[in-house]
Amino acid sequence: MNSRIKQKIKKGSRTVSSRRWLERQLNDPYVKAAKDHGFRSRAAYKLLEIDEKFKIFKNKTSVLDLGGAPGGWSQVAVKKNSKIKNHKVIAVDIQDMEPIYGVNFIKGNILDNDIVENIQVVLDGKVDIVLSDMAPSASGHRTTDQTRAILLAEMALNIAVYFLNDKGNFCCKLIRGKGEEELVKNMRKHFKIIKRFKPASSRKDSSEIFLIGLNFIHQDLA
Ligand SMILES: C[S@@+](CC[C@H](N)C(=O)[O-])C[C@H]1O[C@@H](n2cnc3c(N)ncnc32)[C@H](O)[C@@H]1O
């Protein structure tokens, strides 16, 4: 570590864990790149990598970004489809999000009953891509966090099945472990192609991966 970075992490005023966090941030090339390129989060690079590999944005007009704050993925979505006529990006998060030009924001909890109705009002129809980078706030208890993360992924899939256009795409963060295979099995009913992917920008010590569902098969549920 260079001395400038070391100086920034002065001992004394910080706890060991906050010093470690800061040290990691200052040494992370994706944090630097995000700052240099005006992305609100390093997570933006995960979505860029996912799109590079699976072309999820190709010929798509509208995007629903679940767990969108602080806005890195929404920024990528705007960049990817801003040249397309009638493009639309809607972000949902339980936390506030600073406005992004081209993004409609809904503040709400994906687990609440009225969220589908709220999305429906803003979306006014179906959507081509559903993204979910949702993550529960960490409790420090691995099993609890994993169970909560699976629940969010399941909800994201339900929302995707409800709102996606035929041939639409889905991309969802998942914490590996119990419930993963069940979720993948469920996705197989709705998408022609399912992929699991860990981008290089996803931290090696994190058990997150992304599930990609391509080519949604619309079924008339009526
Ligand atoms: C990893 S961050 C998303 C980062 C974002 N993709 C970006 O690039 O800036 C996860 C987000 O999920 C949100 N979240 C967690 N639980 C949620 C819920 N039940 N409903 C809506 N959003 C939720 C959190 O508030 C948080 O902003």
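Me: Is Asn59 buried or exposed?
Reply: Asn59 counts as exposed, because there are 9 C-beta neighbours inside 10 Å. Bear in mind that this is a predicted model.

Me: Where is Asn59 found, and what about its phi?
Reply: Asn59 sits in the loop between α4 and β1. Its phi is positive, about 60°, although Asn59 is not a glycine. As background, most residues other than glycine have a negative phi.

Me: And which value does phi of Asp124 take?
Reply: Phi of Asp124 is near 55°, again a positive value in a residue other than glycine. You'll find Asp124 in the loop between α6 (115-123) and β4. Asp124 has 8 other C-beta atoms within 10 Å, so it is exposed.

Me: Still on backbone matters, what is the peptide bond from Ala69 to Pro70?
Reply: That one is cis, with omega near 5°. Pro70 belongs to the loop between β1 and α5. In general, most peptide bonds are trans.

Me: You mentioned α5. How many of its residues are buried?
Reply: 9 of its 10 residues, so to speak a mostly covered helix, because a residue is buried if 20 or more other C-beta atoms lie within 10 Å of its own. Among the buried ones are Trp73, Val76 and Val78, and also Lys80 and Asn81.

Me: What covers the buried residues of α5?
Reply: The cover includes two helices, α3 (29-37) and α4. It also includes the strands β1, β2, β3 (103-107) and β4.

Me: New topic, the largest nonpolar core. How many residues has it?
Reply: It has 50 residues. Those with the most contacts inside it are Ala44, Leu64, Leu66, Val130, Ala156, Ala160 and Cys172. As a general point, nonpolar side chains tend to be buried together in soluble globular proteins.

Me: Which elements give two or more residues to this core?
Reply: On the helix side, α4 (44-54), α5 (72-81) and α7 do. The strands are β1 (62-66), β2 (88-93), β4 (127-132), β5 (164-175) and β7 (208-216). The largest share, 9 residues, comes from α7.

Me: What is Cys172 in contact with?
Reply: Leaving aside neighbours within four places in sequence, Cys172 is in contact with Ser132, Ala153, Ala156, Leu157, Phe210 and Leu211.

Me: Back to α7, then. How do the axes of α7 and α8 cross?
Reply: They cross at roughly 5° and come within 11 Å, with α7 covering residues 142-163 and α8 residues 180-188. The two helices are therefore roughly parallel to each other.

Me: Which residues make that contact?
Reply: From α7 there are Ile150, Ala153, Glu154 and Leu157, and from α8 there are Leu183, Asn186 and Met187. By class, they divide into 5 nonpolar, 1 polar and 1 charged.

Me: Zooming out, what does the domain assignment give?
Reply: It gives domain 1 (1-37) and domain 2 (41-216). Their centres, taken over C-alpha atoms, are separated by 29 Å. The contact takes 5 residues from domain 1 and 6 residues from domain 2. The side of domain 1 that touches domain 2 has 4 nonpolar residues, no polar ones and 1 charged.

Me: Last one: where does Leu22 lie?
Reply: Leu22 lies in helix α2 (residues 16-27). Leu22 counts as partly exposed, because it has 15 C-beta neighbours inside 10 Å. The C-alpha atoms of Leu22 and Lys204 are separated by 17 Å, and these residues are 182 residues apart along the chain.

Terms used: Residues numbered from 1 in each chain as written. Predicted model: local features only at pLDDT ≥ 70, side-chain atom pairs only at ≥ 80, totals over all residues. Axes fitted to C-alpha atoms, helices over the stretch in contact; angles between N-to-C directions. Helix = DSSP H or I, 4+ residues; strand = E, 2+ residues; numbered from the N terminus. Parallel < 35°, antiparallel > 145°, perpendicular 65-115°, else oblique. Contact = placed C-beta atoms within 7 Å. Nonpolar A, V, L, I, M, F, W, Y, C, P; charged D, E, K, R; others polar. Core = buried A, V, L, I, M, F, W, Y, C linked by C-beta atoms within 7 Å. Buried ≥ 20, exposed ≤ 12 C-beta atoms within 10 Å, placed from the backbone. Domains from an automatic or database assignment.
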